[in-house]
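Q: I am new to this one and have only just opened it. Please walk me through it.

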Amino acid sequence: MPSTSTTYGTITSNPTTFPSHAKHTRRPWPELFSLSSFCLPISAGDAKARIKINLSYFRVNYVIIALTILFLTLLWHPTSMIVFLITFIFWWFLYLFNDNPVVIFNRTVDENVVLGVLSFATVILLVLTHVGINVLVGLIIGVVVVGVHAAFRGTEDLGFPGEEEENGLHSVVGSQPLRPTSGYNRI
């Protein structure tokens with residue numbers, strides 16, 4: 001006869017797998033602005049790889065920065081600020097500080113879809129308040145600021161889920177050198 005007792009407190013999932021919504025957590029601000037992490041990229045390919053990694057790792061932080069810049073471009077337009085603050089409430093509850101995935105009609109909505117819909121709705125609602133040029137300037141400044149930060153912030157010190165070994169140590173065997181070699185081998 002099968003046991004009917006329920007065991008509470010047991011972890012049933014594999015500890016190395018993470019839910020998709022855990023990927024978009026807000027990272028600590030000192031980690032984002034750590035001055036020791038900034039350096040010039042070696043090449044355009046390195047800059048592109050850094051941008052891709054940093055956009056993935058600091059996604060929520062970059063969204064907050066872009067929304068703050070957009071808000072600052074609306075300071076002299078009170079109607080637009082009210083519309084922005086209303087849309088920011090949706091950002092807050094649906095994306096920025098939501099620990100659970102969004103579920104509509106018993107279907108889980110992908111976080112990229114939530115990000116796209118919120119971005120599109122914010123831009124459309126602000127353009128309808130006749131501040132289209134302000135929105136455009138704010139978005140351009142936000143993209144430039146985020147892009148420059150992502151390109152110049154090194155990725156060596158970022159800890160990604162699943163990188164750690166079971167004992168908590170990182171493997172350095174087979175990893176790329178931190179500095180480029182200059183074409184000669186030391187003997």
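**Getting oriented**

Q: Where is the place of Arg-50?
A: Arg-50 sits in helix H2, which covers residues 44–57. Helices (H or I, at least four residues) and strands (E, at least two) are DSSP runs, numbered from the N terminus. This is a predicted model, in which local features need pLDDT of at least 70 and side-chain atom pairs count only at pLDDT 80 or more, while totals for chains, interfaces and linings use all residues. Residues are numbered from 1 along each chain as its sequence is written, and side-chain values use heavy atoms, with hydrogens and water left out.

Q: Is Arg-50 buried or exposed?
A: Arg-50 counts as buried because its relative accessible area is 4%. Buried means under 20% relative accessible area, exposed means over 50%, and partly exposed is in between (1.4 Å probe, protein chains only).

Q: What does Arg-50 touch, not counting residues up to four places away in sequence?
A: Its partners are Cys-39, Leu-40, Pro-41, Ala-150, Ala-151, Phe-152, Arg-153, Gly-154 and Thr-155. Contact means heavy atoms within 4.5 Å.

Q: Step back a bit. How many helices and strands does the protein have?
A: The protein has six helices and two strands. From the N terminus on, the order is α-α-α-α-β-β-α-α.

Q: And what share of the residues is buried?
A: Of the 187 residues in the protein, 26% are buried. Among contacts with a separation of 6 or more, 77% join residues 24 or more positions apart.

Q: What is the mean pLDDT?
A: The mean is 76, and 72% of the residues reach 70 or more. pLDDT is the predictor's confidence in each residue, from 0 to 100.

Q: Where does pLDDT stay under 50?
A: One such stretch is residues 6–23, with eight contacts in the model beyond four places in sequence. Residues 161–171 are also below 50, and that stretch has eight contacts beyond near neighbours in sequence.

Q: Changing topic, helices. How do the axes of H3 and H5 cross?
A: The axes of H3 (residues 59–72) and H5 (residues 111–127) cross at roughly 0° and come within 13 Å. H3 is therefore roughly parallel to H5. Axes are lines fitted to C-alpha atoms, for helices over the stretch in contact, and angles run from 0 to 180 degrees between N-to-C directions. Angles under 35 degrees count as roughly parallel, over 145 as roughly antiparallel, 65 to 115 as roughly perpendicular and the rest as oblique.

Q: Which residues make the contact?
A: H3 contributes Arg-59, Val-63 and Leu-70, and H5 contributes Glu-111, Asn-112, Leu-115, Thr-122 and Leu-126.

Q: What about Leu-126, buried or exposed?
A: Leu-126 is buried because its relative accessible area is 0%. Beyond four places in sequence, Leu-126 touches Leu-70, Leu-74, Ser-80, Val-83, Phe-84, Val-131 and Val-135.

Q: Where is Val-83?
A: Val-83 is in helix H4.

Q: Which residues touch the most other members of the largest nonpolar core?
A: Trp-91, Tyr-95, Leu-96 and Leu-126 do, in a core of 17 residues. H3, H4 (78–96) and H5 each supply at least two residues of this core. A nonpolar core is a set of buried Ala, Val, Leu, Ile, Met, Phe, Trp, Tyr and Cys residues joined through side-chain atoms within 4.5 Å.

Q: What other core lies apart from it?
A: Another core has nine residues, including Leu-32, Tyr-57, Ile-69 and Val-146.

Q: Now loops. Which loop holds Asn-106?
A: Asn-106 is in the loop between E1 and strand E2 (107–109). Asn-106 counts as exposed because its relative accessibility is 79%.

Q: What is phi of Asn-106?
A: Phi of Asn-106 is near 60°, a positive value in a residue other than glycine. Most residues other than glycine have a negative phi. His-130 also has a positive phi, near 65°, and is found in the loop between H5 and helix H6 (132–152).

Q: Last one: where is Asp-99?
A: Asp-99 is in the loop between H4 and strand E1 (102–104). The C-alpha atoms of Asp-99 and Thr-25 are separated by 8.0 Å, and the two are 74 residues apart along the chain.
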